[in-house]
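Biologist: I have this one open for the first time. Can you walk me through it?
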Amino acid sequence: MGNNDKRSNGKVLVTGGSGFIASHVIDVLLDAGFEVVTTARSDEKGTRIVESVEPTHRQKLSYVVIDDIGKDGAIDAALETQPPFDYVVHTASPYHLNVQDPVKDFLDPAIKGTKGILKSVKAHAPSVKRVVITSSSAAIINPLHHAKVYDETCWAPWTIEDASDPQKTYITSKVLSEKAAWAFVETEKPKFDLAVINCTFTYGPVQRNLSSLDAMNTSNQRIRDMVLGKMKERLPPTAPVFTFVDVRDVAIAHLKAMTVPEAGGNRFYIVGGHFSNKKIADVIRKVFPELAGRLPPADAQDDFPDDVYGFDTSKSRRVLGLEYTGFEKSVKDTVQSILDLDLGLQPLKRRN
(Lines give C-alpha, C1' and ligand atoms only; values in the text may rest on other atoms or scores of the structure.)
Protein backbone atom coordinates (compact mmCIF):
# COMPACT_ATOMS: atom_id res chain seq x y z
CA MET A 1 0.00 0.00 0.00
CA GLY A 2 3.02 2.23 -0.19
CA ASN A 3 2.88 5.45 -2.18
CA ASN A 4 6.03 7.12 -3.41
CA ASP A 5 4.27 10.16 -4.85
CA LYS A 6 5.68 12.94 -2.66
CA ARG A 7 3.03 15.35 -3.87
CA SER A 8 0.36 13.33 -2.06
CA ASN A 9 2.11 13.58 1.32
CA GLY A 10 0.76 15.97 3.93
CA LYS A 11 -0.71 16.15 7.39
CA VAL A 12 -4.01 14.53 8.32
CA LEU A 13 -6.24 14.81 11.38
CA VAL A 14 -8.13 11.55 11.95
CA THR A 15 -10.90 11.64 14.55
CA GLY A 16 -11.76 8.56 16.60
CA GLY A 17 -8.43 6.79 16.25
CA SER A 18 -9.37 3.93 18.59
CA GLY A 19 -12.08 2.75 16.22
CA PHE A 20 -11.92 -0.32 14.00
CA ILE A 21 -12.14 1.52 10.67
CA ALA A 22 -9.97 4.40 11.92
CA SER A 23 -7.16 2.02 12.89
CA HIS A 24 -6.94 0.77 9.31
CA VAL A 25 -7.30 4.28 7.87
CA ILE A 26 -4.33 5.37 10.00
CA ASP A 27 -2.33 2.39 8.70
CA VAL A 28 -2.89 3.24 5.03
CA LEU A 29 -2.23 6.94 5.59
CA LEU A 30 1.09 6.15 7.28
CA ASP A 31 1.97 3.66 4.54
CA ALA A 32 1.29 6.41 1.98
CA GLY A 33 3.71 8.77 3.69
CA PHE A 34 1.31 11.07 5.51
CA GLU A 35 1.85 12.48 8.97
CA VAL A 36 -1.18 11.64 11.12
CA VAL A 37 -2.59 13.25 14.24
CA THR A 38 -5.51 11.35 15.74
CA THR A 39 -7.97 12.08 18.52
CA ALA A 40 -8.31 9.83 21.56
CA ARG A 41 -10.50 10.01 24.66
CA SER A 42 -7.58 9.52 27.05
CA ASP A 43 -3.79 9.35 27.15
CA GLU A 44 -4.07 5.61 27.71
CA LYS A 45 -6.05 5.14 24.50
CA GLY A 46 -3.79 7.53 22.60
CA THR A 47 -0.69 5.63 23.67
CA ARG A 48 -2.35 2.35 22.65
CA ILE A 49 -3.08 3.76 19.18
CA VAL A 50 0.52 4.87 18.65
CA GLU A 51 1.94 1.59 19.93
CA SER A 52 -0.33 -0.41 17.61
CA VAL A 53 1.30 0.82 14.39
CA GLU A 54 4.53 -0.41 12.86
CA PRO A 55 7.56 0.89 14.81
CA THR A 56 8.92 2.61 11.70
CA HIS A 57 5.72 4.66 11.45
CA ARG A 58 5.44 5.82 15.04
CA GLN A 59 7.39 9.03 14.53
CA LYS A 60 4.71 10.10 12.02
CA LEU A 61 1.77 9.43 14.37
CA SER A 62 0.68 11.48 17.37
CA TYR A 63 -2.54 12.05 19.27
CA VAL A 64 -4.54 14.73 21.06
CA VAL A 65 -6.92 13.96 23.91
CA ILE A 66 -10.53 14.99 23.23
CA ASP A 67 -12.97 13.41 25.66
CA ASP A 68 -16.12 14.26 23.70
CA ILE A 69 -15.86 14.79 19.95
CA GLY A 70 -19.52 15.85 19.91
CA LYS A 71 -18.92 19.05 21.87
CA ASP A 72 -18.98 22.34 20.01
CA GLY A 73 -15.42 23.38 19.20
CA ALA A 74 -14.03 20.02 20.31
CA ILE A 75 -11.19 19.99 17.80
CA ASP A 76 -10.45 23.74 17.77
CA ALA A 77 -7.40 23.37 19.99
CA ALA A 78 -6.04 20.47 17.95
CA LEU A 79 -6.38 22.46 14.75
CA GLU A 80 -4.80 25.56 16.29
CA THR A 81 -1.87 23.93 18.09
CA GLN A 82 -0.79 21.51 15.37
CA PRO A 83 -1.10 23.29 12.00
CA PRO A 84 -0.97 23.10 9.12
CA PHE A 85 -3.33 20.27 8.29
CA ASP A 86 -4.00 19.33 4.70
CA TYR A 87 -6.89 16.92 5.29
CA VAL A 88 -9.36 15.83 7.95
CA VAL A 89 -10.86 12.33 8.13
CA HIS A 90 -13.83 12.22 10.50
CA THR A 91 -14.54 8.64 11.62
CA ALA A 92 -15.61 9.31 15.21
CA SER A 93 -19.15 8.92 16.49
CA PRO A 94 -20.60 10.30 19.74
CA TYR A 95 -19.92 8.02 22.69
CA HIS A 96 -22.48 7.49 25.44
CA LEU A 97 -22.50 4.67 27.97
CA ASN A 98 -26.03 5.34 29.18
CA VAL A 99 -28.49 6.61 26.59
CA GLN A 100 -31.56 7.89 28.41
CA ASP A 101 -32.96 10.01 25.59
CA PRO A 102 -32.09 8.79 22.06
CA VAL A 103 -32.52 12.22 20.52
CA LYS A 104 -30.78 14.27 23.20
CA ASP A 105 -28.02 11.77 24.01
CA PHE A 106 -27.30 10.30 20.59
CA LEU A 107 -28.93 11.96 17.58
CA ASP A 108 -28.21 15.57 18.46
CA PRO A 109 -24.53 14.93 19.28
CA ALA A 110 -24.10 13.00 16.02
CA ILE A 111 -25.47 15.85 13.93
CA LYS A 112 -23.86 18.62 15.97
CA GLY A 113 -20.60 16.69 16.11
CA THR A 114 -20.40 16.40 12.32
CA LYS A 115 -21.38 20.02 11.77
CA GLY A 116 -19.02 21.08 14.56
CA ILE A 117 -16.05 19.39 12.88
CA LEU A 118 -16.79 21.17 9.61
CA LYS A 119 -17.34 24.48 11.38
CA SER A 120 -14.04 24.16 13.24
CA VAL A 121 -12.10 23.27 10.11
CA LYS A 122 -13.54 26.25 8.28
CA ALA A 123 -12.69 28.62 11.15
CA HIS A 124 -9.35 27.27 12.31
CA ALA A 125 -7.73 25.27 9.49
CA PRO A 126 -7.76 27.27 6.25
CA SER A 127 -5.07 24.97 4.83
CA VAL A 128 -7.39 21.93 4.76
CA LYS A 129 -8.22 20.92 1.20
CA ARG A 130 -10.76 18.18 1.86
CA VAL A 131 -12.74 16.56 4.66
CA VAL A 132 -13.66 12.87 4.37
CA ILE A 133 -16.50 11.61 6.56
CA THR A 134 -17.18 7.98 7.45
CA SER A 135 -20.90 7.47 7.02
CA SER A 136 -22.73 4.18 6.52
CA SER A 137 -24.89 2.18 4.16
CA ALA A 138 -27.55 2.90 6.79
CA ALA A 139 -27.82 6.30 5.11
CA ILE A 140 -28.56 4.57 1.78
CA ILE A 141 -30.62 1.43 2.46
CA ASN A 142 -34.41 1.53 2.77
CA PRO A 143 -35.47 -1.70 4.52
CA LEU A 144 -39.13 -0.71 4.25
CA HIS A 145 -38.98 -0.89 0.47
CA HIS A 146 -35.69 -2.12 -0.93
CA ALA A 147 -34.40 -0.79 -4.21
CA LYS A 148 -33.63 -3.43 -6.79
CA VAL A 149 -30.10 -2.03 -6.97
CA TYR A 150 -28.63 0.47 -4.52
CA ASP A 151 -26.09 3.14 -5.43
CA GLU A 152 -24.98 6.59 -4.23
CA THR A 153 -28.17 8.26 -5.44
CA CYS A 154 -30.23 6.34 -2.86
CA TRP A 155 -31.10 7.75 0.58
CA ALA A 156 -32.66 5.98 3.53
CA PRO A 157 -36.08 7.45 4.39
CA TRP A 158 -35.55 8.23 8.08
CA THR A 159 -36.44 11.63 9.50
CA ILE A 160 -36.15 13.27 12.90
CA GLU A 161 -39.45 11.69 13.91
CA ASP A 162 -37.92 8.22 13.58
CA ALA A 163 -35.12 8.97 16.02
CA SER A 164 -37.27 8.52 19.12
CA ASP A 165 -37.55 4.80 18.28
CA PRO A 166 -34.45 3.23 19.90
CA GLN A 167 -34.32 0.70 17.05
CA LYS A 168 -33.93 3.52 14.54
CA THR A 169 -31.81 6.04 16.44
CA TYR A 170 -28.50 4.90 14.97
CA ILE A 171 -29.64 4.65 11.35
CA THR A 172 -31.46 7.98 11.63
CA SER A 173 -28.33 9.60 13.01
CA LYS A 174 -26.35 8.39 9.99
CA VAL A 175 -28.86 9.83 7.52
CA LEU A 176 -29.30 13.18 9.23
CA SER A 177 -25.64 13.75 10.10
CA GLU A 178 -24.59 13.08 6.50
CA LYS A 179 -27.31 15.37 5.16
CA ALA A 180 -26.17 18.03 7.64
CA ALA A 181 -22.62 17.75 6.29
CA TRP A 182 -23.69 18.24 2.68
CA ALA A 183 -25.96 21.13 3.72
CA PHE A 184 -23.06 22.81 5.55
CA VAL A 185 -20.84 22.69 2.47
CA GLU A 186 -23.69 23.99 0.31
CA THR A 187 -24.59 26.93 2.55
CA GLU A 188 -21.25 27.84 4.17
CA LYS A 189 -19.12 27.34 1.05
CA PRO A 190 -15.85 26.56 2.87
CA LYS A 191 -12.50 26.44 1.11
CA PHE A 192 -12.39 22.66 1.52
CA ASP A 193 -14.59 20.17 -0.28
CA LEU A 194 -16.26 17.03 1.09
CA ALA A 195 -16.25 13.31 0.32
CA VAL A 196 -18.30 10.68 2.17
CA ILE A 197 -17.70 6.94 2.53
CA ASN A 198 -20.90 4.90 2.93
CA CYS A 199 -19.66 1.45 3.95
CA THR A 200 -21.78 -1.57 4.74
CA PHE A 201 -21.15 -4.31 7.37
CA THR A 202 -17.39 -4.25 7.73
CA TYR A 203 -15.28 -7.35 8.35
CA GLY A 204 -11.53 -7.83 8.36
CA PRO A 205 -8.55 -8.00 10.73
CA VAL A 206 -9.29 -6.56 14.16
CA GLN A 207 -7.09 -3.88 15.75
CA ARG A 208 -3.71 -5.25 16.80
CA ASN A 209 -3.91 -3.76 20.30
CA LEU A 210 -7.54 -4.61 20.98
CA SER A 211 -7.97 -4.61 24.76
CA SER A 212 -10.56 -7.38 24.90
CA LEU A 213 -12.85 -9.47 22.72
CA ASP A 214 -15.74 -7.38 24.03
CA ALA A 215 -14.21 -4.25 22.47
CA MET A 216 -14.54 -5.64 18.95
CA ASN A 217 -16.48 -3.73 16.31
CA THR A 218 -20.13 -4.71 15.91
CA SER A 219 -19.84 -6.34 12.47
CA ASN A 220 -16.96 -8.63 13.48
CA GLN A 221 -18.77 -9.74 16.61
CA ARG A 222 -20.77 -12.36 14.71
CA ILE A 223 -17.51 -13.92 13.48
CA ARG A 224 -16.08 -13.67 17.01
CA ASP A 225 -19.16 -15.38 18.42
CA MET A 226 -18.85 -18.25 15.96
CA VAL A 227 -15.18 -18.71 16.91
CA LEU A 228 -16.17 -18.71 20.60
CA GLY A 229 -18.88 -21.33 20.02
CA LYS A 230 -21.73 -19.00 20.97
CA MET A 231 -23.68 -19.97 17.83
CA LYS A 232 -22.99 -23.69 18.15
CA GLU A 233 -26.59 -24.62 18.93
CA ARG A 234 -28.39 -22.21 16.65
CA LEU A 235 -27.55 -19.95 13.73
CA PRO A 236 -29.18 -16.54 14.29
CA PRO A 237 -30.86 -14.66 11.43
CA THR A 238 -28.60 -12.65 9.14
CA ALA A 239 -31.12 -9.87 8.48
CA PRO A 240 -31.35 -6.97 8.05
CA VAL A 241 -28.00 -6.60 6.23
CA PHE A 242 -26.79 -9.04 3.57
CA THR A 243 -23.84 -7.03 2.23
CA PHE A 244 -20.27 -6.85 3.53
CA VAL A 245 -17.00 -5.10 2.79
CA ASP A 246 -13.46 -5.72 4.01
CA VAL A 247 -12.09 -3.02 6.32
CA ARG A 248 -8.87 -2.80 4.31
CA ASP A 249 -10.90 -1.77 1.26
CA VAL A 250 -12.75 0.79 3.40
CA ALA A 251 -9.42 2.22 4.53
CA ILE A 252 -8.12 2.50 0.97
CA ALA A 253 -11.42 4.14 0.00
CA HIS A 254 -10.79 6.84 2.62
CA LEU A 255 -7.25 7.41 1.34
CA LYS A 256 -8.40 7.65 -2.28
CA ALA A 257 -11.42 9.80 -1.41
CA MET A 258 -8.97 12.14 0.31
CA THR A 259 -6.39 12.36 -2.47
CA VAL A 260 -8.12 11.78 -5.81
CA PRO A 261 -9.16 15.21 -7.11
CA GLU A 262 -12.35 13.93 -8.77
CA ALA A 263 -13.57 12.41 -5.48
CA GLY A 264 -14.45 15.79 -3.99
CA GLY A 265 -18.16 16.51 -3.73
CA ASN A 266 -19.09 12.81 -3.89
CA ARG A 267 -20.39 10.03 -1.69
CA PHE A 268 -19.20 6.46 -2.29
CA TYR A 269 -21.16 3.28 -1.58
CA ILE A 270 -18.49 0.78 -0.49
CA VAL A 271 -19.61 -2.86 -0.78
CA GLY A 272 -17.54 -5.98 -1.40
CA GLY A 273 -20.33 -8.52 -1.89
CA HIS A 274 -23.22 -10.42 -0.35
CA PHE A 275 -23.05 -12.69 2.68
CA SER A 276 -25.11 -14.62 5.19
CA ASN A 277 -24.31 -16.08 8.59
CA LYS A 278 -24.42 -19.56 7.06
CA LYS A 279 -21.88 -18.54 4.43
CA ILE A 280 -19.58 -17.18 7.18
CA ALA A 281 -19.80 -20.48 9.08
CA ASP A 282 -19.10 -22.47 5.91
CA VAL A 283 -15.93 -20.48 5.22
CA ILE A 284 -14.68 -20.93 8.78
CA ARG A 285 -15.39 -24.66 8.65
CA LYS A 286 -13.50 -24.96 5.35
CA VAL A 287 -10.46 -22.86 6.28
CA PHE A 288 -10.26 -23.71 10.01
CA PRO A 289 -11.45 -27.32 10.31
CA GLU A 290 -10.13 -27.40 13.89
CA LEU A 291 -12.94 -24.95 14.79
CA ALA A 292 -15.71 -27.16 13.37
CA GLY A 293 -16.82 -28.25 16.85
CA ARG A 294 -17.58 -24.64 17.80
CA LEU A 295 -19.60 -23.79 14.71
CA PRO A 296 -23.33 -23.99 13.97
CA PRO A 297 -24.53 -27.28 12.45
CA ALA A 298 -23.18 -27.82 8.93
CA ASP A 299 -26.73 -28.50 7.69
CA ALA A 300 -28.16 -25.28 9.18
CA GLN A 301 -30.50 -23.50 6.81
CA ASP A 302 -29.11 -20.58 4.82
CA ASP A 303 -31.45 -17.58 5.11
CA PHE A 304 -29.87 -15.72 2.18
CA PRO A 305 -32.87 -14.45 0.18
CA ASP A 306 -33.30 -15.31 -3.50
CA ASP A 307 -34.50 -11.78 -4.20
CA VAL A 308 -31.79 -9.96 -2.24
CA TYR A 309 -31.18 -6.37 -3.29
CA GLY A 310 -28.24 -5.63 -5.53
CA PHE A 311 -25.58 -2.94 -5.33
CA ASP A 312 -23.70 -0.85 -7.87
CA THR A 313 -20.12 -0.03 -6.87
CA SER A 314 -19.01 1.14 -10.30
CA LYS A 315 -18.46 4.68 -9.02
CA SER A 316 -15.98 3.57 -6.34
CA ARG A 317 -14.18 1.38 -8.85
CA ARG A 318 -14.04 4.10 -11.48
CA VAL A 319 -13.22 7.16 -9.36
CA LEU A 320 -11.30 5.59 -6.47
CA GLY A 321 -9.83 2.66 -8.37
CA LEU A 322 -11.02 0.18 -5.74
CA GLU A 323 -10.63 -3.57 -6.18
CA TYR A 324 -12.64 -5.38 -3.54
CA THR A 325 -11.40 -8.19 -1.30
CA GLY A 326 -13.25 -11.48 -1.67
CA PHE A 327 -15.55 -12.86 1.02
CA GLU A 328 -13.50 -15.97 1.88
CA LYS A 329 -10.28 -13.99 2.34
CA SER A 330 -12.05 -11.39 4.48
CA VAL A 331 -13.55 -14.01 6.80
CA LYS A 332 -10.31 -16.05 6.92
CA ASP A 333 -8.21 -13.01 7.84
CA THR A 334 -10.75 -11.87 10.42
CA VAL A 335 -10.73 -15.25 12.18
CA GLN A 336 -6.94 -15.45 12.13
CA SER A 337 -6.65 -11.96 13.63
CA ILE A 338 -9.02 -12.97 16.44
CA LEU A 339 -7.02 -16.11 17.18
CA ASP A 340 -3.78 -14.10 17.13
CA LEU A 341 -5.02 -11.80 19.89
CA ASP A 342 -4.56 -14.47 22.56
CA LEU A 343 -7.38 -13.03 24.63
CA GLY A 344 -8.67 -16.09 26.41
CA LEU A 345 -9.39 -18.42 23.50
CA GLN A 346 -8.35 -22.02 23.95
CA PRO A 347 -5.05 -22.75 22.18
CA LEU A 348 -5.46 -23.68 18.56
CA LYS A 349 -3.08 -24.54 15.79
CA ARG A 350 -1.76 -21.30 14.28
CA ARG A 351 -1.80 -20.74 10.55
CA ASN A 352 0.77 -18.90 8.47
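Modeller: One term before we start: a crossing of two helices is right-handed if the near helix is turned clockwise from the far one by less than a right angle, and left-handed if anticlockwise. With that in hand, α1 passes α7 in a right-handed crossing. Keep in mind that this is a predicted model.

Biologist: OK. At what angle do α1 and α7 pack, and how far apart are their axes?
Modeller: The angle between α1 and α7 is about 55°, and their axes are 8 Å apart. Since angles under 35 degrees count as roughly parallel and 65 to 115 as roughly perpendicular, that makes α1 oblique to α7.

Biologist: Which residues meet there?
Modeller: From α1 there are Phe20, Ile21, His24, Val25, Val28 and Leu29. They meet Val247, Arg248, Val250, Ala251, Ile252, His254, Leu255 and Met258 in α7.

Biologist: Which residues of the largest nonpolar core touch the most other members?
Modeller: Leu29, Ile197, Met258 and Ile270 do, out of 40 residues in that core. Elements giving two or more residues to this core include the helices α1 (20-31), α2 (43-52) and α7 (247-259). The strands β1 (11-15), β2 (35-40), β4 (87-90), β7 (193-199) and β10 (266-270) are also among them.

Biologist: Where does the largest share of this core come from?
Modeller: From α1, with eight residues. As background, nonpolar side chains tend to be buried together in soluble globular proteins.

Biologist: And what does Met258 touch?
Modeller: Leaving out residues up to four places away in sequence, Met258 touches Val12, Leu29, Phe34, Tyr87, Val89, Arg130 and Val132.

Biologist: Other helices now. How do α4 and α5 pack?
Modeller: Helix α4 (residues 102-124) and helix α5 (residues 169-188) pack at about 25°, with axes 9 Å apart. The cut-off for roughly parallel is an angle under 35 degrees, so α4 is roughly parallel to α5. Residues making the contact include Phe106, Leu107, Ala110 and Ile111 of α4, and Leu176, Ala180, Ala181 and Phe184 of α5. α4 passes α5 in a right-handed crossing.

Biologist: What about α6 and α10, at what angle do they pack?
Modeller: α6 and helix α10 (residues 327-340) pack at an angle of about 65°, and their axes are 10 Å apart. This crossing, of α6 past α10, is right-handed. Asn220, Ile223, Arg224 and Val227 in α6 meet Thr334, Val335, Ile338 and Leu339 in α10.

Biologist: On to loops. Where is Thr238 found?
Modeller: Thr238 is in the loop between α6 (218-227) and β9 (243-246).

Biologist: Is Thr238 buried or exposed?
Modeller: Buried, because its relative accessibility is 1% and the cut-off for buried is under 20%. The Thr238 side chain reaches the backbone nitrogen of Asn277 at 2.9 Å. Not counting residues up to four places away in sequence, Thr238 touches Arg222, Phe275, Ser276, Asn277 and Asp303.

Biologist: What kind of peptide bond joins Ala239 and Pro240?
Modeller: A cis one, with omega about 15°. Pro240 sits in the loop between α6 and β9. In general, most peptide bonds are trans, and most residues other than glycine have a negative phi.

Biologist: Which residue has a positive phi although it is not a glycine?
Modeller: Lys189 has one, of about 45°. Lys189 lies in the loop between α5 and β7, and Lys189 is exposed, with a relative accessible area of 60%.

Biologist: And Ser136, where is that?
Modeller: Ser136 is in the loop between β5 (130-134) and β6 (149-150). At 8% relative accessibility, Ser136 counts as buried. Setting aside neighbours within four places in sequence, Ser136 is in contact with Tyr170, Lys174, Ile197, Asn198 and Cys199.

Biologist: Last one: Gln59, buried or exposed?
Modeller: Exposed, at 62% relative accessibility. Gln59 is in the loop between α2 and β3 (61-65). A polar atom of the Gln59 side chain lies 2.8 Å from the backbone oxygen of Thr56. The C-alpha atoms of Gln59 and Ser173 are separated by 36 Å, and the two residues are 114 residues apart along the chain.

Definitions and conventions
Residues are numbered from 1 along each chain as its sequence is written. This is a predicted model: local features need pLDDT of at least 70, side-chain atom pairs count only at pLDDT 80 or more; totals for chains, interfaces and linings use all residues. Side-chain values use heavy atoms; hydrogens and water are left out. Helices (H or I, at least four residues) and strands (E, at least two) are DSSP runs, numbered from the N terminus. Buried means under 20% relative accessible area, exposed over 50%, partly exposed in between (1.4 Å probe, protein chains only). A polar contact is a pair of N or O atoms within 3.5 Å; within protein, one must be able to donate a hydrogen and the other to accept it, and residues adjacent in sequence count only if both atoms are side-chain atoms. Contact means heavy atoms within 4.5 Å. A nonpolar core is a set of buried Ala, Val, Leu, Ile, Met, Phe, Trp, Tyr and Cys residues joined through side-chain atoms within 4.5 Å. Axes are lines fitted to C-alpha atoms, for helices over the stretch in contact, and angles run from 0 to 180 degrees between N-to-C directions. Angles under 35 degrees count as roughly parallel, over 145 as roughly antiparallel, 65 to 115 as roughly perpendicular and the rest as oblique.
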